Amino acid sequence: MSDRIADIWGTRTPFEQGGNWPARVDQKLAEGVAEADVQRWVKSACLLCSNGCGCDIAVKDGRMVGIRGRAEDRVNHGRLGPKGLFASWQGVDNRDRLTAPLVRENGGLVEADWDTAMERIAERSRALLEEKGPLSHGFYTSGQLFLEEYYALAVLGKAGIGTPHMDGNTRLCTATAAASMKESFGADGQPGSYTDIDECDAIILYGHNMAETQTVLWARVLDRIAGPDQPSLVCVDPRGTEVARHADVHLAVRPGTNLALMHGLIREVIENGWIDEDYVAGHTQRFGDLLAAVEPWTPEAVAGTCGVAAADVRRAAEIFGTSQRVLSTVLQGFYQSWQATASSCQVNNLHLLRGMLGRPGCGLLQMNGQPTAQNNRECGADGDLPGFRNWENPKHVRELAELWGVDELKFPHWAPPTHAAQIFRYAEQGSIGFLWISATNPAVSMPELQRMRRILAKPELFLVVQDLYLTETAQYADVVLPAAAWGEKTGTFTNVDRTVHLSDQAIEPPGQARSDLDIFLDYSRRMGFARNDGSPLLDWAGPEDAFRAWQECSRGRPCDYSGMSYAKLLARGGIQWPCNEEHPDGLERLYTDGTFSTEAGYCETYGHDLTTGATVGPTAYRAMAPAGRALFKTAPYSPPPEEPSDEYPLRYTTGRTAYHFHTRTKTGRAPQLNAAAPDMWVELSAADAQRYGIGEGDIAVVSSARGRITAPVRIGDVREGTVFAPFHYGYWDTGESPDDRPRAANELTMTEWDPVSKQPIFKNAAVRLEKAAAGSGPAPAPTTTASRPAQPGTVPATVGGAAAEAREELT
Amino acid sequence: MKLPVYLGLLHQSEATLAKSYRQVADGHGDEPDVHFLCLTLARQCDAHQEALAPSIERYGESTEDDEPERLHHEGLSQTRSGPVGLLRDLQDLYLMANLVDITWTMVKQAAQGLQDAELLDVIGRCDGETEVQLQWLKTRMKQAAPQALIAAS
């Protein structure tokens, strides 16, 4: 047994380059439940980060009582992280669950039956469609539903209602991953594979605190590091994360300057002749653009702008330029920062320069933040056209119209989909009067929360919220719909490296709760959405019908599921897409022959200017004729929109801790996780703490031009001049309002987004910090993660004790 | 030689456009993408004027000729409010940017005739950016138009 709160990544199982990652089966059962008591083990995959670890759910007497990893699963080889072990099942088996629909009566929410609640929704929906048309409707969904649910939502939103106002919280976590791959390679879709960790001799992590965001993936890296031929490691992160501690080079850049660093790395690689000229000549276009953009960025220029040592820039470039097999991974440090798409494209460009794609160990993982973000993007619940189709390509539009049996005019393909921040802006202005939010909590997760609360509270806005719990967002709803959780419904989802898992239903949902798919199908039926021939638009009886419909939609597209089935997924476990006649077992890596998805009739987008987001358009794109070659897309560096000033002299950045997910709706209800990171904190460097006269645990008020928060200070390893805040904490569990003790990180963040991916900029803001009171003990920040104290041993170590003991079986 | 007249027109048009971008940025702070991007594009217009300065020094700059003077755009008197107001302000910027764009083209033709490599180099660095400004304005207006014209009150 191992305390998996104290030891997040579990026991080491070292292996060598090209070797097999040894299996280690992690298991956690509820207190008092022995293995022999478990009546059934139900196949699933973990839904608490984007890694998608294969697992079995333990069931006893109709309840989920534990979980274990699946040894044969290609993603995790049996392992589970703390969130999977403790929160996957405990996070939904809770007395706070919503068990009946709620409707607003005389200002309060009261229980109702499904018919009453759904009729209320349908009535308002019909009235608004009649009065203002489809543009009055908006849908904001999640990165945590199943593929089948996203596809249902996408079809009913586009072909039923006909609104472009659809997005998911994937906009906050993963939109830039999609955008950068679309710009560089012509379509979304991860080129690499998790097995590239096994095969590589260098790993570069760009704004990716893998140790906390995907703990099991990091365990795979740690096992390579512990092996006989450890890979070189480069980390770009303003904090001294666990990744940074293992890195050969740690580039602690000034937040907001990623693009300048990337320009410098590319310049060094080109200057030193570390590029594959044949690959560049044969498989890419627009190398000249790249040369011009990086030209001014000498290592010294980078050092000045980014606040890193020029020698470190040289060393990092050398590791990339001279290693044989490099894996690069990118996440929120790039995606949620200034010039997100341009910076992420530069990582793609590095790999294009060396032709390091489509071969073992030469991988690129533009990571996802959430477990089912990939499916949201594929199915078009984020507003894109399903199957990575191009809204500017009339042939793609026609394909969908035929597939759905509706007129092309019916669904909006005349402008880009409306992204989340713009949907809320339209709601603020009153042109969206009907907003349906499923499985996400914008009252905590969107930027500038005072404004979000004002919008959600608008009496003219009819707000539907569909969730497991009465979240901060649900409290503003006109109708609250109780949804079934993971383990209480069946569906599929796809992880970062395109691995599709089937998650089978283990138990019945509590009370009257229903699956999100059932709810969407019910709405479609009530609204009478129909095909041109009069038959119902969505006539699916359940998830398997939805999956089959999706297979048809995906056929022939990059994300081809046509060769899969529920039976095949159950029998084999995870399968990577594309899976079709040509690749019946799936395809481990994309672009193996250097042919990309950029052919004009096939590509997902004609691309954008990365500085402004201006669309390139079909004519210019066809004139460029990439025809399967990748594109070097880039932009000049410019400073972030909000820089420190006299009034707000510090930089502010937000992020995650290993013990929580999203807004803690599940992880905050797992006692082991909650105890490890129970309350809000902010991090400050030792030098800044001294400057402000602040000791460990003292209470600080941090303010920006938009709001303020109060939180105890951890004196940690964050870059000097920068304040870090975890974004998980809201108000549902404190009983306090934002006016009593504001603690949500997004009280301070700004409403602004990347011009191409439209991902909000959470990681750049200017703040001021003042000491409010002396503390009564250390800040409630874990000591096992990036939030560990700068001075070791000054704060009691984070441990889980008996409740956090989990079994690890090494085979 | 009338090139100084066109250099003057270009210089003036870039200045007017820069000022108008800043006005729109100020007037539409609640549309953060418009706000920040307009500030960026205003700086681009400033840089274009600076880049033109050496050529203006060489050829001179005239605002005397009556005919092109009539082409001068006065800029925005004030910004409008609301969704349709945003659309109209962007449309005004679009017209002004078009004047800049076509003037770059005229000046480029003259620079080619004069075999003026230095001026051609300036044009090479600037006129593409004006083109992208136009593309962005069009992209943003296309996005805003349906909502402003149909659903907004």
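## The open sheet and its setting

Reply: Confidence comes first, since this is a predicted model. Chain B has a mean pLDDT of 92, and 93% of its residues score at least 70. Within chain B, helix α2 (residues 32-59) carries the highest confidence, at 97. The lowest is in helix α3 (residues 66-69) of chain B, where the mean is 55. For the model, ipTM is 0.94 and pTM is 0.97.

Now the sheet. It lies in chain A and is open, with five strands. Their order is β12-β11-β10-β14-β15, and the pairing is parallel. What holds such strands together? In general, backbone hydrogen bonds pair the strands of a sheet, in a parallel or antiparallel way. At the edges of this sheet stand β12 (249-251) and β15 (364-366) of chain A. Each of these two pairs on one side only. From one strand to the next, the twist averages 10°.

Strand β10 (residues 202-206) of chain A runs parallel to strand β14 (residues 326-330) of chain A. Five bridges join them. Ala202(A) faces Val326(A), a residue of β14(A).

Two helices that pack on the sheet deserve a look. Helix α14 (residues 310-322) of chain A touches β10, β11 (232-236), β12 and β14 of chain A. Its direction makes about 120° with that of β12(A). Helix α16 (residues 340-353) of chain A also packs on the sheet, touching β10, β14 and β15 of chain A. The direction of α16(A) makes about 170° with that of β14(A). Both helices touch β10 and β14 of chain A.

Next, the backbone elsewhere in chain A. Most residues other than glycine have a negative phi, and most peptide bonds are trans. Arg286(A) has a positive phi, near 70°. It is found in the loop between β13 (284-285) and α12 (287-294) of chain A. Phe388(A) is not a glycine either, yet its phi is positive, about 55°. Its place is the loop between α17 (373-379) and α18 (394-404) of chain A.

Is each of these two buried or partly exposed? Phe388(A) has 26 other C-beta atoms within 10 Å. The cut-off for buried is 20 or more, so Phe388(A) is buried. Arg286(A) has 16 other C-beta atoms within 10 Å, so it counts as partly exposed. Pro578(A) is in the loop between β21 (575-576) and α25 (618-624) of chain A.

Step back to the whole chain. Chain A divides into domain 1 (2-97), domain 2 (105-173 + 372-576), domain 3 (175-367 + 597-631) and domain 4 (650-780). Over C-alpha atoms, the centres of domain 1 and domain 4 of chain A are 30 Å apart. Their contact takes 12 residues from domain 1 and 10 residues from domain 4 of chain A. On the domain 1 side of chain A, eight residues are nonpolar, three polar and one charged.

Last, the partner chain. Chain B brings 18 residues into contact with 21 residues of chain A. In chain B, α2 and α5 (117-151) each supply at least two residues of that side. The most comes from α5(B), with 10 residues. By class, the chain B side has 10 nonpolar, six polar and two charged residues.

Terms used:
Residues are numbered from 1 along each chain as its sequence is written. Chains are lettered from A and ligands numbered from 1 in the order in which they are written. This is a predicted model: local features need pLDDT of at least 70, side-chain atom pairs count only at pLDDT 80 or more; totals for chains, interfaces and linings use all residues. pLDDT is the predictor's confidence in each residue, from 0 to 100. Helices (H or I, at least four residues) and strands (E, at least two) are DSSP runs, numbered from the N terminus. Domain bounds come from an automatic or database domain assignment. Two residues are in contact if their C-beta atoms, placed from the backbone, lie within 7 Å. Ala, Val, Leu, Ile, Met, Phe, Trp, Tyr, Cys and Pro count as nonpolar, Asp, Glu, Lys and Arg as charged, and the others, Gly among them, as polar. A residue is buried if 20 or more other C-beta atoms lie within 10 Å of its own, exposed if 12 or fewer, and partly exposed in between; C-beta atoms are placed from the backbone. Two strands pair if DSSP finds at least two bridges between them. Axes are lines fitted to C-alpha atoms, for helices over the stretch in contact, and angles run from 0 to 180 degrees between N-to-C directions.
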